[in-house]
Amino acid sequence: MKAAWIAGALVAGLGLRAAFLAQHPQFSGDALVYGELAHNMLAHHMYVQTDPALHATLIRMPGYPLFLALCFKLFGDANYLAVLWVQAGVDLATCGLIWTLARRVAGERAGWWALWLSALCPFTANYAAVALAETCSLFCVALAFFALERWIARRRMRWVVVIGFALVWALFLRPDEGLLAAAVVPVMAWVGWRRSGEPMRKRFGPAVVAALFVVLPVMLWGVRNWRVFHVVQPLAPRYANDPGEEVPYGFMRWYRTWAIGYPATVNVYWMYDGSTVDVHDLPARAFDDARQREETMAAFAEYNREQSSTPAVDAEFARLAEERVRAHPVEYYVLLPVARELDMWFRPRTALTRIPLDWWRVREHPWGSAEAMGLALLNAAYLLLAAVGVVRWRRARWNGQAALAWAMGAFVVLRCVLLLTIDNAEMRYTLECFPVVLVLCGVAAAEAKALETDGPKSAA
């Protein structure tokens with residue numbers, strides 16, 4: 001019976017991911033950038049772009065290009081469809097890790113709920129159909145917390161190695177996943193500190209080893225960037241720019257004075273510095289008065305003539321941004337960042353669907369709006385169930401898994417703090433927290449007796 005339930009969940013999960021692959025596989029935008037890097041690694045044995053001649057780059061961490069290069073080596077150069085099927089398998093492996101972790105935390109029933117909810121979660125399954133780093137990143141998050149639980153319970157060095165691998169691969173997939181190491185390694189040190197009867201080597205050695213797994217490869221990548229570009233850049237830069245490339249900081253600061261939702265990201269943020277921006281996509285809150293509106297329109301008219309940012313245009317946006325920030329400091333530094341983050345957590349996760357951006361206009365596209373509202377309710381249900389899981393787990397005194405709970409909580413909190421600083425609201429940035437969300441959903445459905453505390457299950 002147990003094997004049948006596992007097989008049923010995995011088959012259902014594979015079917016969902018196959019449906020997404022058949023409906024809208026995506027090989028554009030950032031996917032092509034990653035693919036170009038992977039192709040050049042195989043063809044030229046260098047981490048370079050072709051634009052039009054080969055030139056070194058540091059705009060992306062090498063983790064996902066390495067993953068693509070391995071897939072291209074096995075299944076054919078630029079065989080993106082094979083990559084997506086591999087990612088479907090990786091995502092199902094993530095579901096298995098979530099199931100096992102929830103079962104160890106809160107019993108069999110919690111594990112089954114976590115398995116089925118993760119296998120049938122459209123928000124994570126959707127990203128198996130696009131050549132981006134999210135699927136592998138979710139796997140690393142789940143693997144890190146799974147291995148952390150095993151290490152706390154068994155204290156075996158092999159689990160430290162698994163933790164270190166998960167942390168460094170996560171960081172090399174996405175630089176913001178350094179937050180995973182920032183959450184896990186201090187908890188490992190805390191667990192060692194509480195074991196006061198052991199030698200210092202055994203108490204703090206595992207945390208040091210896990211940290212070295214992360215630090216040493218990052219140092220090597222930083223040395224490469226110093227030798228090639230003569231800059232101190234151990235991670236990919238925030239705006240994905242190579243040294244010497246102009247960054248429109250003025251425009252980006254002006255954008256943060258009004259932008260909230262995903263439509264602004266698609267219609268304005270992504271269009272700038274390469275495509276025409278339709279000024280009719282700007283909301284009323286982008287201007288304080290008629291004069292400012294005219295000046296903004298003039299700046300965009302100048303930009304649209306070349307469809308490229310220039311120092312003069314960027315200086316004009318910087319002036320407008322400074323004026324607006326002085327007039328509304330609380331809105332700029334507090335209210336808008338919070339609004340962008342709430343949008344990332346609660347907006348219908350429609351980024352990879354054909355649902356229109358203006359889904360709230362029901363009369364214009366009733367079926368698309370209904371689908372979006374359904375996704376919004378489903379997303380809210382996952383988050384509500386996770387909140388219930390936190391409450392139940394806390395009432396059970398973390399069921400002897402306080403260290404694991406603190407690590408998972410710290411990761412989510414650190415990521416939320418980071419997201420307050422970004423310009424563009426994209427739902428995928430909160431998706432990195434979904435392995436934690438799904439485990440907590442399982443805890444919410446756990447049997448009461450499975451959450452009864454009979455003393456710590458681990459030394460944490």
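**Notes on the helix packing in this model**

1. Let's start with helix 4 and helix 7. The axes of helix 4 (residues 80-106) and helix 7 (residues 134-154) come within 9 Å of each other, crossing at roughly 30°. An angle under 35 degrees counts as roughly parallel, so helix 4 is roughly parallel to helix 7. The crossing between helix 4 and helix 7 is left-handed. Keep in mind that this is a predicted model.

2. Who does the touching there? On the helix 4 side you'll find Gln87, Val90, Asp91, Ala93, Thr94, Leu97, Ile98, Thr100, Leu101 and Arg104. Helix 7 answers with Thr135, Cys136, Leu138, Phe139, Ala142, Leu143, Phe145, Phe146, Glu149 and Arg150. Sorted by class, the contact of helix 4 with helix 7 comes to 12 nonpolar, four polar and four charged residues.

3. Helix 7 deserves a look of its own. Its 21 residues reach 30 Å from first C-alpha to last, close to the 30 Å expected at 1.5 Å a residue. How many of the 21 residues of helix 7 are buried? The count is 19, so helix 7 is mostly covered. Just after helix 7 comes arginine 155, with a positive phi of about 60°.

4. Cysteine 140 is one to click on in helix 7. Its relative accessibility is 0%, so cysteine 140 counts as buried. Leaving out residues up to four places away in sequence, cysteine 140 touches Ala166, Trp169, Ala170, Leu173 and Leu180. Glutamate 177 sits 37 residues from cysteine 140 in sequence, and the C-alpha to C-alpha separation of the two is 9.4 Å.

5. Next pair: helix 9 (residues 178-194) and helix 10, which pack at an angle of about 165° with their axes 6 Å apart. Over 145 degrees counts as roughly antiparallel, and helix 9 and helix 10 are therefore roughly antiparallel to each other. Helix 9 makes a left-handed crossing with helix 10. From helix 9, the contact uses Ala181, Val185, Met188, Ala189, Gly192 and Trp193. From helix 10, the contact uses Arg203, Phe204, Pro206, Ala207, Ala210, Ala211 and Val214. By class, the contact of helix 9 with helix 10 has 11 nonpolar residues, one polar and one charged.

6. Staying with helix 10 (residues 200-229), have a look at asparagine 225. Is asparagine 225 buried or exposed? With a relative accessible area of 0%, asparagine 225 is buried. If you skip residues up to four places away in sequence, the residues asparagine 225 touches are Leu58, His230, Val231 and Gln233.

7. Helix 5 and helix 19 pack at another angle. The axes of helix 5 (residues 108-119) and helix 19 (residues 434-444) come within 7 Å, and they cross at roughly 135°. That angle makes helix 5 oblique to helix 19. The crossing of helix 5 and helix 19 is right-handed. Helix 5 brings Ala110, Trp113, Ala114, Leu117 and Ser118 to the contact, and helix 19 brings Leu438, Cys441, Gly442 and Val443. In the contact of helix 5 with helix 19 there are seven nonpolar residues, two polar and no charged ones.

8. Most residues other than glycine have a negative phi. Glutamine 307 isn't a glycine, yet it has a positive phi of about 55°. Glutamine 307 lies in the loop between helix 13 (290-306) and helix 14 (311-327). At 35% relative accessibility, glutamine 307 counts as partly exposed.

9. Asparagine 399 is also worth checking: its phi is positive, about 55°, although it is not a glycine. You'll find asparagine 399 in the loop between helix 16 (366-395) and helix 17. What about its accessibility? Asparagine 399 counts as buried, at 1% relative accessibility.

10. Last, helix 17 (residues 402-419). Helix 17 has 18 residues and reaches 26 Å from its first C-alpha to its last, close to the 26 Å expected at 1.5 Å a residue. Which residues of helix 17 are buried? They are Ala402, Ala403, Leu404, Ala405, Ala407, Met408, Phe411, Arg415 and Leu419. Note that an arginine, Arg415, is among the buried residues of helix 17.

Definitions and conventions
Residues numbered from 1 in each chain as written. Predicted model: local features only at pLDDT ≥ 70, side-chain atom pairs only at ≥ 80, totals over all residues. Heavy atoms only, no water. Axes fitted to C-alpha atoms, helices over the stretch in contact; angles between N-to-C directions. Helix = DSSP H or I, 4+ residues; strand = E, 2+ residues; numbered from the N terminus. Parallel < 35°, antiparallel > 145°, perpendicular 65-115°, else oblique. Left-handed = near helix turned anticlockwise from the far one by under 90°. Contact = heavy atoms within 4.5 Å. Nonpolar A, V, L, I, M, F, W, Y, C, P; charged D, E, K, R; others polar. Buried < 20%, exposed > 50% of the residue type's maximum accessible area, 1.4 Å probe, protein only. Expected span 1.5 Å × (residues − 1).
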